[in-house]
Amino acid sequence: YTGGSSSWPTYRRMGDHTETTQIVFNPAEVSFEELLKMFWGDHDGSRGGGGKQYRSAIFYESEEQREAIEASIAAEQKKKRYQGRPIKTHVAPLEKFFLAEDYHQKYLDRSLL
């Protein structure tokens, strides 16, 4: 969870946080721009979401990442798939990331079993 003001959010007491995935990567192996391409390839940034909990969001750790995100949004917005619909993806600095509870980890892997 990130992007909110609660000191220790949980799935049941998320407050104003957003459910997120933290990606740790080696820029020598994959660039931030490549990660953004993967994000947009599997994600429709024009869709709303259930308030802050499920909103479309990208949190950045540096000014360079913020600039790359803004450039990727501008490029995505020009694609036909959006047909004039604005991208609503929230962009904000990463302040603190909280791991979800164990039962909420790797949900997709568990749900496919």
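Arg 81 counts as partly exposed because its relative accessibility is 37%, where partly exposed lies between buried (under 20% relative accessible area) and exposed (over 50%), computed with a 1.4 Å probe on protein chains only. The model is predicted, so local features need pLDDT of at least 70 and side-chain atom pairs count only at pLDDT 80 or more, whereas totals for chains, interfaces and linings use all residues. Residues are numbered from 1 along each chain as its sequence is written, and side-chain values use heavy atoms, with hydrogens and water left out.

Arg 81 takes part in a salt bridge with Glu 76, the closest N and O atoms being 3.8 Å apart; a salt bridge is defined as a side-chain nitrogen of Lys or Arg within 4 Å of a carboxyl oxygen of Asp or Glu. Shared partners in such salt bridges join Glu 76, Lys 79 and Arg 81 into one network. Glu 76 is buried, at 7% relative accessibility, while Lys 79 is partly exposed at 42%.

The whole structure contains 4 salt bridges. One of them links the side chains of Arg 85 and Asp 44 (3.4 Å, N to O). Arg 85 belongs to the loop between helix 2 and strand 2 and Asp 44 to the loop between helix 1 and strand 1, so this pair ties together parts that are 41 residues apart in sequence. Helices (H or I, at least four residues) and strands (E, at least two) are DSSP runs, numbered from the N terminus. Arg 85 is partly exposed at 33% relative accessibility, as is Asp 44 with a relative accessible area of 25%.

The loop between helix 2 and strand 2 (90-93) also holds Gln 83. This residue is exposed, at 69% relative accessibility, and its phi is near 40°, a positive value in a residue other than glycine. Most residues other than glycine have a negative phi.

Strand 1 and strand 2 run parallel and are joined by 4 bridges; two strands pair if DSSP finds at least two bridges between them. In this pairing, Phe 59 stands opposite Ala 92 of strand 2. Both faces of strand 1 are covered, with Ala 57 and Phe 59 buried on one side and Ile 58 and Tyr 60 buried on the other.
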